[in-house]
Amino acid sequence: MNIRHIALATLSSFALLAQTAAAANPGQDARVIERGKYLTQIGGCNDCHTQGYPEAAGKIPATQWLTGSQVGFQGPWGTSYPTNLRLYMRDLSEAQWLIRARQPMLPPMPWFNLRDMNDKDLVAMYRFIRSLGPAGQAAPVAMGPGETVTTPYFEFVPKNLPMPAKHAQR
Ligand code: HEC
């Protein structure tokens, strides 16, 4: 084997390595997205962020998932609306997501559950939601306590609690 052969052999094994890496990545991506789908589903995100999901016992195609809700949740915090996460993720980088996912949000968003997820799981959910692509319309903006609300809404009023409920404010 002369030097030329060695150089060629080295080159072709690099090419092979590069090919293998390229082939492995789409598979890995698909696995990450699949994991994100699972986490989103069992994490209960559809329960609020997909209108009609609980009523349909989850029998709503993924193409309609996470497009937000025009039905508000009203309580001592005012009225909040589950964000259209398909549009939301489109405008957010992965790095921004890892910060936003750990900040307080209005009830009944269980933001503390997102806060306690590890980066890997948060990234998987982000990639899954991004993979669905943008769809639907934006949810209405949140209203403060006492503001007039014209959309349909659920009332979330604590009754007979030993102490007044405290909620995170944005
Ligand atoms: C019980 C209902 C409920 C569940 C369950 C829920 N959300 Fe939410 N989510 C909301 C509401 C309501 C808001 C709007 C809160 C606000 O205005 O601050 C919200 C806001 C958000 C936001 C903030 C978007 C923004 O505008 O900054 C993100 C991100 C989010 N939810 C992601 C998720 C994910 C991911 C899951 C599943 C792990 C989830 N939510 C589960 C009700 C819910």
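Here is a short tour of the model, one selection at a time.

Before you click, note that this is a predicted model, where local features need pLDDT of at least 70, side-chain atom pairs count only at pLDDT 80 or more, and totals for chains, interfaces and linings use all residues. Residues are numbered from 1 along each chain as its sequence is written, and side-chain values use heavy atoms, with hydrogens and water left out.

**Whole chain**

Start with the cartoon. The protein chain has six helices and three strands, in the order α-α-β-β-α-α-α-α-β from the N terminus. Helices (H or I, at least four residues) and strands (E, at least two) are DSSP runs, numbered from the N terminus. Of the 170 residues, 29% are buried; that means under 20% relative accessible area, with exposed over 50% and partly exposed in between (1.4 Å probe, protein chains only).

**The largest pocket**

Now show the surface. The largest pocket has a volume of about 780 Å³. A pocket here is an open set of points on a 1 Å grid over the protein atoms alone, where a 1.4 Å probe fits, with protein on both sides within 12 Å along at least five of seven lines; lining residues have an atom within 4 Å of a point. Grid points are joined across faces, edges and corners, and the volume is the space filled by probe spheres set on them.

Select His49, Pro82, Thr83, Met105 and Met109: of the 34 lining residues, these are the closest to the pocket's centre. Next colour α2 (45–49), α3 (85–90), α4 (94–100), α5 (111–115) and α6 (119–132), the elements that give two or more residues to the lining. The top contributor is α3, with four. By type, the lining holds 25 nonpolar residues (Ala, Val, Leu, Ile, Met, Phe, Trp, Tyr, Cys and Pro), two charged (Asp, Glu, Lys and Arg count as such) and seven polar (the others, Gly among them).

**The ligand**

What takes up this pocket? The ligand does, on the criterion that more than half of a molecule's atoms lie within 2 Å of the grid points. Show the 21 residues around the ligand, of which Cys45, Cys48, His49, Arg100 and Met109 come nearest; a residue belongs if one of its heavy atoms lies within 4 Å. Here α2 gives the most, with three residues, and the shell divides into 14 nonpolar, five polar and two charged.

- His49: a polar side-chain atom is 2.8 Å from a ligand nitrogen atom.
- Arg100: a side-chain N or O atom lies 2.8 Å from a ligand oxygen atom.
- Leu106: a polar backbone atom is 2.8 Å from a ligand oxygen atom.

**Off to the strands**

Pick Thr79 in strand β2 (residues 78–80). Buried or exposed? Thr79 counts as buried because its relative accessibility is 1%. Its side chain joins that of Gln74 in a polar contact of 2.9 Å; such a contact is a pair of N or O atoms within 3.5 Å, where within protein one must be able to donate a hydrogen and the other to accept it, and residues adjacent in sequence count only if both atoms are side-chain atoms.

Most residues other than glycine have a negative phi, and most peptide bonds are trans. Go to Pro107 and Pro108: the peptide bond between them is cis, with omega near 0°. Pro108 sits in the loop between α4 and α5. Then try Ala57, in the loop between α2 and β1, where phi is positive, near 50°. Finish at Asn160, in the segment after β3 (153–155), with a positive phi of about 50°.
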